[in-house]
Amino acid sequence: MTRIDRVSPTSRLPLLLRILITGLAGATAADIGRTIYQWLTGFPAVNWSVTGRWFLMVLQGQPYVPDIGAAPALPNELIAGHAAYYTISVIFAGAYLLLLKAMKREPSLWSGLLFGWVTMVFPFLVQMPLMGMGVLASATATPWLIIGRTLVHHSSFGLGLALGAMVTRSK
C-alpha cells in the first residue's frame with residue numbers, strides 16, 4: 001500500500017476549512033438541541049431578529065440596551081442575527097480546535113461538552129445583561145426556561161463541535 005492509499009480524505013484539510021466545518025457542525029447540533037427543547041417545553045424559539053438588533057447596535061457603539069425588545073427594529077436585523085450566530089459558532093470552533101492543539105489532545109465528546117458549557121459565559125454574563133435581560137436572564141419573566149434552553153443549546157453545540165472536530169481531524 002502506498003502512502004497516498006493510507007491518507008484519509010480529511011487528513012489534508014486546511015485549518016480554516018476544518019474550523020468552518022467544525023463551527024457549522026456545532027451550530028447545527030445546537031439548532032437541533034434547541035428545537036427539541038422547544039418541542040418538550042413549548043418555550044418559544046430564539047428570536048434572531050432581536051439578537052441581530054443587539055449586534056447591530058453594538059456595531060453602532062451602543063452595547064448596552066436597557067430593553068432590547070422595546071428597541072426599534074433595524075433594517076436587516078434577522079440576517080444580522082443569523083450572521084452573528086454562525087460567525088460566533090465558527091470563532092468558538094477555532095478556539096476549541098486551537099485549544100485542543102495547544103494541549104496536544106484529540107477531540108472527544110467530553111471535551112466538546114465541557115467547552116460548550118464554558119461558552120455559556122458569553123450569553124449569561126455578557127449578552128443577556130447588555131440586552132437588559134440581567135445576569136442569567138434574571139430580569140426576564142422566565143429565567144429558568146431561558147437558562148434551560150441555553151444549557152441545552154450550548155451542550156448540543158459542544159457535542160456538535162466535538163463531532164465536527166472528530167470528522168475533520170488529521171490522521
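This is a predicted model: local features need pLDDT of at least 70, side-chain atom pairs count only at pLDDT 80 or more; totals for chains, interfaces and linings use all residues.
**Questions about the packing of seven helices**

Me: Which residues in α6 meet α7, and which residues in α7 do they meet?

Reply: On the α6 side they are Pro 123, Phe 124 and Met 128, and on the α7 side Ile 146, Ile 147, Thr 150 and His 154.

Me: What makes α6 oblique to α7?

Reply: Happy to walk through it. The two axes come within 11 Å and cross at roughly 125°. Roughly perpendicular runs from 65 to 115 degrees and roughly antiparallel begins over 145, so α6 ends up oblique to α7. As for handedness, the crossing of α6 and α7 is right-handed.

Me: Why give both an angle and a distance for a pair of helices?

Reply: Because two packed helices are described by the angle between their axes together with the distance between those axes.

Me: Then how do you know what to call α3 relative to α4?

Reply: α3 and α4 (residues 77-103) pack at about 80°, and their axes are 6 Å apart. An angle from 65 to 115 degrees counts as roughly perpendicular, so α3 is roughly perpendicular to α4. The residues of their contact divide into eight nonpolar, five polar and two charged.

Me: Which residues in α3 and α4 meet?

Reply: Those in α3 include Trp 48, Arg 53, Phe 55 and Leu 56. Among their partners in α4 are Glu 77, Leu 78, His 82, Tyr 85 and Ile 88.

Me: How do you know on which side of α6 the buried residues are?

Reply: Start with who they are: in α6 (residues 121-130), the buried residues are Pro 123, Phe 124, Gln 127 and Met 128. Their arc around the axis is only 125°, so they are on the same side of α6. These buried residues pack against α3 (48-59) and α7 (143-168).

Me: Which residues are buried in α5, and what covers them?

Reply: In α5 the buried residues are Ser 111, Gly 112, Leu 113, Phe 115 and Gly 116. Their cover includes α4 and α7.

Me: What about Ile 21: why is it called buried, exposed or partly exposed?

Reply: The relative accessible area of Ile 21 is 35%. Ile 21 lies in α2 (residues 15-41). With residues up to four places away in sequence not counted, Ile 21 touches Leu 13 and Thr 168. Ile 21 and Ser 89 are 68 residues apart in sequence, while their C-alpha atoms are 10 Å apart in space.

Me: Where are Asn 76 and Leu 136 found, and why is each called exposed or partly exposed?

Reply: Asn 76 is in the loop between α3 and α4. Its relative accessibility is 55%, and exposed means over 50%, so Asn 76 counts as exposed. Leu 136 is in the loop between α6 and α7. At 38% Leu 136 falls between the 20% and 50% cut-offs, so Leu 136 counts as partly exposed.

Me: To step back, how many helices and strands does the chain have, and what share of its residues is buried?

Reply: The chain has seven helices and zero strands. Of its 171 residues, 42% count as buried. The C-alpha trace spans about 65 × 35 × 30 Å along its principal axes. Among contacts between residues at least 6 apart in sequence, 70% join residues at least 24 apart.

Note on methods
Residues are numbered from 1 along each chain as its sequence is written. Side-chain values use heavy atoms; hydrogens and water are left out. Buried means under 20% relative accessible area, exposed over 50%, partly exposed in between (1.4 Å probe, protein chains only). Helices (H or I, at least four residues) and strands (E, at least two) are DSSP runs, numbered from the N terminus. The arc is that of the directions from the helix axis to the C-beta atoms. Contact means heavy atoms within 4.5 Å. Axes are lines fitted to C-alpha atoms, for helices over the stretch in contact, and angles run from 0 to 180 degrees between N-to-C directions. Angles under 35 degrees count as roughly parallel, over 145 as roughly antiparallel, 65 to 115 as roughly perpendicular and the rest as oblique. A crossing is left-handed if the near helix is turned anticlockwise from the far one by less than a right angle, and right-handed if clockwise. Ala, Val, Leu, Ile, Met, Phe, Trp, Tyr, Cys and Pro count as nonpolar, Asp, Glu, Lys and Arg as charged, and the others, Gly among them, as polar.
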